[in-house]
Structure formats: C-alpha cells, structure tokens
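This briefing describes how two chains of a predicted model meet. Please consult the sequence and structure below alongside the points that follow.

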Amino acid sequence: VTRPILFLSDFGLDDEYVGLCHAVIARVAPEVKVIDLHHGIPPHDVVTGALTLAQAVSYGPKDAVFLAVVDPGVGTGRRGVALQAGDALLVGPDNGVLMPAAAALGGVSSGVELEVGRVVLWSVSDTFHGRDVFAPAAARLAAGADLGEVGEGIDPSELTELGPWSRLEVEEERVSTAVIGVDRFGNVRLGARPEDLKDAGLEADELVLLVAGAPVTGHRVRTYGELEPAAFGVLVDSAGWLAVVRNGDSAAEQLGLRPGDAVELRASGVG
Amino acid sequence: VTRPILFLSDFGLDDEYVGLCHAVIARVAPEVKVIDLHHGIPPHDVVTGALTLAQAVSYGPKDAVFLAVVDPGVGTGRRGVALQAGDALLVGPDNGVLMPAAAALGGVSSGVELEVGRVVLWSVSDTFHGRDVFAPAAARLAAGADLGEVGEGIDPSELTELGPWSRLEVEEERVSTAVIGVDRFGNVRLGARPEDLKDAGLEADELVLLVAGAPVTGHRVRTYGELEPAAFGVLVDSAGWLAVVRNGDSAAEQLGLRPGDAVELRASGVG
Amino acid sequence: VTRPILFLSDFGLDDEYVGLCHAVIARVAPEVKVIDLHHGIPPHDVVTGALTLAQAVSYGPKDAVFLAVVDPGVGTGRRGVALQAGDALLVGPDNGVLMPAAAALGGVSSGVELEVGRVVLWSVSDTFHGRDVFAPAAARLAAGADLGEVGEGIDPSELTELGPWSRLEVEEERVSTAVIGVDRFGNVRLGARPEDLKDAGLEADELVLLVAGAPVTGHRVRTYGELEPAAFGVLVDSAGWLAVVRNGDSAAEQLGLRPGDAVELRASGVG
C-alpha cells in the first residue's frame with residue numbers, strides 16, 4: 001500500500017524544478033501518486049508556505065505524505081526532517097514550514113533528521129535539496145518505508161517552530177492586521193478571523209477599512225452577489241480568513257493592496 | 001472501474017485552489033485519475049470555459065467526468081448539477097458552462113441537482129463550491145456512484161443554456177466577429193469558422209482585416225511557414241477557428257488585439 | 001507493463017494545449033502516468049528545450065518515454081520521430097530537441113519516422129502535432145507498442161543534430177559565454193561549467209564578470225548563504241552550470257541580464 005504525496009513549494013512553474021522533483025519521485029516510487037498543492041508560494045516565504053500547507057490538512061487524504069520545500073536555508077546547517085503526525089507524514093526543512101500542518105494533524109508524535117546517505121541516489125547539489133533529498137525521502141516513505149529508514153530519531157520538542165507571522169492586534173472597536181494573500185480575482189485575505197471582529201466588538205453591518213490611512217467603507221456580506229456594483233465587502237473566505245472583496249472587480253487593485261500591507265478595521269462611526 | 005476526471009476552472013495557478021480540489025478528490029476517491037484540462041479561463045468567463053470544455057470532448061476519454069468550475073454565481077441561488085451525456089458525465093454549476101460539451105457528447109440524457117447533504121464532507125464555504133461541492137461530487141461519480149447518489153433528478157430541458165456569446169455576423173463579402181482567445185504565441189483566435197468565410201463569398205487568397213477601423217492585409221495560409229516574415233496570415237487553428245497569425249512573431253501584439261475586440265474580415269478590394 | 005511519459009513543451013500554461021495532450025494520452029492509454037517536466041520553454045527555443053530534457057535523464061525513470069514538443073517547423077516537411085536510447089524512448093520532431101537527451105541515455109540505438117496513418121485518431125491539424133501526432137504516438141509506446149507499430153525504420157545517423165548553441169570560448173584567464181537561463185529567484189545560468197574556469201586558469205576566489213562591458217566582482221561560493229548581503233556570487237547550480245547569484249535578491253534584475261546576453265568571466269586583476 002502506498003501513500004499519496006501532497007507537494008508544496010516556492011519553485012514556481014517558470015522553470016523545471018517542480019518537474020524534476022516529480023521525475024525523481026517516479027524513479028524512486030513509480031506507483032506513488034503526487035498531488036501538486038501549490039508551487040506559487042512567494043520565494044522563501046516560509047510563513048505563507050506553512051499556512052497554505054496547514055489548510056490542506058482538512059481536505060487531503062489523511063494518510064498523505066506532506067512534502068513542503070520552502071527553504072531559504074538550503075546549503076546552510078539547517079536540518080531536513082521527516083515527521084509523523086496523526087496518520088500522516090511530513091517531509092521538509094526544519095524551519096517551521098511543517099509545524100502548523102503538524103499541529104492541525106494532532107501534533108508531532110515522532111521524527112527523524114534526514115540522513116543524506118540513506119535517501120540520496122546521486123551526488124547532492126548544494127542548492128537543490130528539493131530534488132536531491134526531500135523528494136526521494138518523501139518517495140521512499142510514500143512507498144512504505146519507515147521513518148527509521150530515512151534518518152535518525154530526534155526529539156520532537158526540539159523542532160524549529162514557525163516564527164511570529166501575524167501583526168494581528170485586537171482592541172476595543174479596532175482590529176489591526178496585514179494582508180496575507182491576494183488571489184487572482186483580487187480578493188484580499190487578511191490575517192484575521194471573524195472571531196477577532198467579535199472580540200473587538202465590531203459586529204455592525206458596516207466597517208471602516210483603513211488602508212494607508214484612508215478610510216473605505218466595507219459591508220459585511222456572505223457572498224460577492226450581495227454587494228452593489230463598485231461596493232467593497234468583507235466576507236469570510238474559503239479558508240476561514242476575513243477577506244476584502246469587490247463584486248465583479250479586483251479589490252486589491254482598487255485599494256492598491258499587496259501581501260504584507262497593513263489594514264485596520266474599525267466601526268463605521270470612527271474617522 | 002473508475003472514470004478519469006477532466007478538470008477545467010478559472011482558478012488559475014497563482015494560488016492553492018486547484019491543488020485543494022485535487023486533494024479533495026484524492027481523499028474521496030484515491031484511485032481516480034485527474035487530468036487538468038485548463039485552469040487559466042479568464043475569471044468568471046463562462047463562455048470561454050464552455051467552449052474550451054467542449055473542445056476537449058473530441059480528444060479526451062469517452063467515459064470521463066467533465067468537471068467545470070467557472071462560477072460567477074457561487075453563493076447565490078444557482079443550482080449545481082451532474083449530467084449524463086453519451087458515455088460521459090458532467091459536473092458544475094447550472095449556468096451554461098457544461099452545455100456545449102454536453103451537446104458535443106450527444107445531448108443530456110439525464111441529470112440531477114446536486115444535494116449538498118449527499119456529497120459534502122465538511123461545512124460548505126459560501127465562496128468555494130469547487131472544493132466543497134463540485135470536486136467531491138465528481139470524485140464520487142468517478143469512483144462509480146450513480147447520479148441518484150449525489151442529487152435529485154431534474155428535467156434536462158430546464159437546464160440553463162449558455163447565453164449568446166458570438167458577435168458573428170455574416171453578410172455579402174463581410175464577416176464581423178470578435179477575438180475569442182489569444183495564445184502565448186500571440187495567435188489571435190476569432191469567433192468565426194472557415195465556412196463563415198465561404199458563406200460570405202470571401203474565398204480569395206487575400207483578405208482585409210479591419211481592426212479598430214484600420215485595414216491590414218492577411219493571407220490565407222495553412223501554416224505559419226507559408227508566410228513571409230512580418231506578413232499577417234489567416235489560418236484554421238487547431239480547434240477549427242479562424243486565427244490571425246504572424247510568422248515567428250505575435251500577431252496580437254502587432255495588432256493590439258485582446259479577447260473581446262471586434263474584427264471584421266472583408267475582400268481585399270474593399271477599403 | 002506501461003512506461004511513464006515525461007512531457008516537455010513550449011506550450012505554456014496560459015491555454016489548454018497541455019491539457020488537450022494529457023486528454024489524448026488518457027484516451028489512448030488510460031493506465032499510463034504522465035509527468036510534466038516543464039512547459040515553460042520559451043516559444044520555439046529548441047536549444048533550451050533540448051538542454052532541459054537532457055537534464056532530466058539523470059533523475060527520471062530509466063524506462064520513460066520522453067515526449068518533447070518544441071516545434072517551430074510544424075506544418076513544414078520536418079519529420080516526426082520516435083527513438084530508442086538506452087532503456088528509454090524519445091518522441092518529438094526531428095529538429096535536434098531529442099538529441100542531447102538521447103546522447104545522455106547512451107545514444108540512439110534505433111528509430112522510426114512517425115507515420116501519421118499509424119498513430120492518429122482523427123484528422124490532423126496543420127499546427128498542433130503535439131496533440132495529433134506526438135501525444136498519441138507517445139501514449140501507444142508507453143502502453144507497450146513497439147517502434148515499428150508507429151512508424152518506419154530510419155538510419156539514426158541521419159537524424160538532425162541540435163545546432164550550435166553555446167557561445168562558449170575558453171582562453172587564458174578568460175571565459176566568454178552567454179546566459180542560458182534565468183530562474184524565478186533571479187539566478188543567472190551561464191553556458192559554462194566549472195571545468196571551463198579551470199581550463200582558463202580562473203581558480204581564484206574572486207572573479208570579474210563583464211556584463212555589457214561593465215565589471216562586477218563575483219565571489220566563488222558553494223551556497224547563497226556564504227555571500228554578504230548585496231554581494232554577487234558565482235556557484236555551480238543544481239544542473240552543474242555556473243550561475244551568477246545574489247544572496248536573497250535577484251542577480252538577473254540587478255545586472256539587467258536575460259537569456260542570450262553575453263557574459264565574460266576574467267581574473268579579478270584584469271580591468
């Protein structure tokens with residue numbers, strides 16, 4: 001019995017990096033299925049990679065091997081690891097990228113540090129551990145290998161946690177946060193959830209969004225269709241985050257917002 | 001025996017939407033194969049999605065489940081449906097996106113309205129029925145479920161037809177239409193077919209293309225290679241549409257043409 | 001027993017061309033696995049396609065069918081071929097795109113010219129042999145067909161070789177070459193290998209890069225992490241080429257370099 005591999009990276013699709021990892025997996029484990037979760041994580045953005053991977057826990061196969069390669073530390077001393085969490089396995093660099101997914105799976109029950117000599121089929125490049133270490137390790141595990149066959153046991157409590165990522169501040173009638181994503185429809189995902197609005201006492205149908213200091217009115221809606229043309233809305237998006245949207249138009253473009261930009265939410269009466 | 005899923009959407013590859021649908025299908029039906037037909041349909045462009053899906057009927061597996069998610073009405077009252085047409089099944093919103101493919105398959109022989117309670121594994125997002133309704137329904141059907149297991153029977157004659165999409169007008173020595181696509185080579189697909197030129201009596205080797213009122217000479221050719229450098233040609237593209245091309249260069253860029261732009265074809269003698 | 005198909009093209013992902021080839025393969029050979037190596041080869045760039053395909057030989061399944069469609073001569077008299085090299089098969093146009101991969105596999109042992117009548121399922125478009133000839137031929141071979149079932153034997157010595165592509169010149173203390181690729185991290189791949197530096201006697205820790213005549217200092221490093229911020233480095237990239245990099249930043253953007261641009265490497269003392 002094989003496990004499917006759920007593969008996420010910051011490689012993009014503009015070159016052959018993702019394809020080479022697929023080729024390696026097919027050489028090591030011809031019968032394993034690989035699902036591309038997403039390869040457009042911004043280069044070296046460990047936080048976005050980690051949050052995107054964690055989101056997939058609720059939807060993907062419960063016995064998957066989660067392979068996540070967002071690895072600004074490649075070629076330095078950072079460890080590569082393979083972890084067990086729930087019924088799933090996770091493979092990637094020990095830089096925090098696996099940790100929210102592991103938490104969503106019930107926490108790490110055991111882990112190993114990947115040992116190059118056990119998993120690698122050729123000489124290892126200094127810059128492309130995705131192809132040379134992580135992909136073959138994931139393939140071996142997906143084909144049925146035990147963790148002990150790809151590395152030496154480590155103490156899960158010593159794994160690197162994901163650094164602080166949210167600028168979320170919740171106060172009386174005020175939620176300050178940042179844009180954590182913009183999709184191709186121009187919907188602006190904020191690093192805050194509906195319960196944060198509740199905690200701040202911001203439960204009116206209208207909110208004021210402060211974007212670069214300028215106020216914009218946003219209506220609380222459930223779907224795009226509830227908005228008048230050219231009106232801005234705030235809804236709970238498909239991953240459970242608050243998102244600023246515009247009906248049939250790009251909210252991001254209209255507001256000039258990009259990931260990392262600060263956004264403040266206030267009650268409509270406040271200037 | 002499972003069916004392959006042929007998946008088309010307007011999700012793009014800039015975020016994890018497509019990957020999450022794949023993850024859902026692998027959870028519901030681990031053994032099913034998913035073929036990505038295209039995810040770069042312009043956002044909310046039901047017509048382009050429908051025509052692209054229909055084109056695949058001639059080339060894909062005859063027993064496929066066609067999964068098409070171009071769904072500007074998500075979260076409103078529009079129905080989700082699953083249809084039988086020929087040996088194939090089709091799953092998507094009831095907004096016309098499935099209808100040209102169903103027609104190319106011989107017409108809808110039976111159908112159901114998807115019932116969320118029968119197909120969904122978790123609480124349903126208001127904005128992402130691709131992940132929460134259509135992908136799991138397609139997975140269930142691909143794994144062998146009957147239509148009746150995912151919804152309640154409907155009258156095929158009450159399905160929403162695809163709205164009028166072509167600006168095609170064929171007159172004596174004159175065909176007016178619009179650009180319906182531009183590919184990465186800069187070839188400009190028009191919403192007209194060679195038989196429309198014939199009907200208009202435009203069968204000379206040279207045509208005049210009127211683009212924003214300005215005349216450009218185009219030569220009827222079978223392949224790019226028949227064109228002189230810097231000359232424009234009109235050929236029948238791989239999907240059977242008329243296309244404006246330029247040898248080794250982008251016709252779209254040279255002519256400033258984008259999807260939706262009007263183009264008129266006339267006999268070369270006409271100013 | 002089936003073979004996996006390793007698929008490379010210049011189709012891009014902005015339209016449905018790749019998806020239609022997948023659909024065709026699934027119709028002809030439902031049980032065959034297709035691995036997308038890369039579809040972002042610059043349009044009509046046979047050299048980049050050939051080098052990218054050859055790179056995959058070391059990593060992919062040894063019995064793969066390599067399907068490469070970079071085909072500026074489609075619709076002209078150029079032949080389509082299927083070749084045996086080592087345990088692998090290769091399918092594509094006879095324009096050199098398959099030859100470096102075939103060489104890396106040990107050379108072509110036998111080959112056939114594809115005969116449309118033996119492989120094609122429908123009328124053949126003049127412009128899309130990827131869908132109409134190469135994909136079905138690769139599918140037939142991957143499903144177990146012999147070369148003789150898809151074409152007539154040819155003399156391997158008469159195959160078209162890949163044209164000259166490298167501007168590499170190695171002299172005393174001087175290596176002249178060109179950019180052969182830029183990845184999304186902005187790393188600049190040069191058409192030279194570390195042994196060329198050695199042959200030129202350029203083995204100091206510092207090099208001078210001449211870019212459009214202007215000198216830039218580059219440090220020989222093994223990984224990005226060895227570089228000071230804002231310093232340029234020269235390392236051996238994951239495919240074995242010399243690459244110009246910048247720590248945490250795009251070297252290509254900083255230096256204004258694009259594929260095809262000339263770069264000269266000299267000893268640091270030389271102006």
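In this predicted model, 28 residues of chain C are in contact with 33 residues of chain A, contact meaning heavy atoms within 4.5 Å. The two chains bury about 2,400 Å² between them, 56% of it on carbon and sulfur atoms; buried area is the accessible area (1.4 Å probe) that two parts lose on being put together, summed over both. On the chain C side, C:Tyr59, C:Arg184 and C:Phe185 lose the most area to chain A, together 30% of what that side buries.

- A:Glu16 forms a salt bridge with C:Arg189, and the closest N and O atoms are 3.6 Å apart.

**Symmetry**
- Chain C is superposed on chain A by a rotation of 120 degrees with 0.1 Å of shift along its axis (RMSD 0.1 Å), using least squares on the C-alpha atoms of residues with pLDDT of at least 70 in both.
- That is the relation of a three-fold axis.
- The copies use different surfaces, as 4% of the contact residues of chain C recur in chain A.

**Conventions**
- Residues are numbered from 1 along each chain as its sequence is written, and chains are lettered from A in the order in which they are written.
- Local features need pLDDT of at least 70, side-chain atom pairs count only at pLDDT 80 or more, and totals for chains, interfaces and linings use all residues, while side-chain values use heavy atoms, with hydrogens and water left out.

Key
A salt bridge is a side-chain nitrogen of Lys or Arg within 4 Å of a carboxyl oxygen of Asp or Glu.
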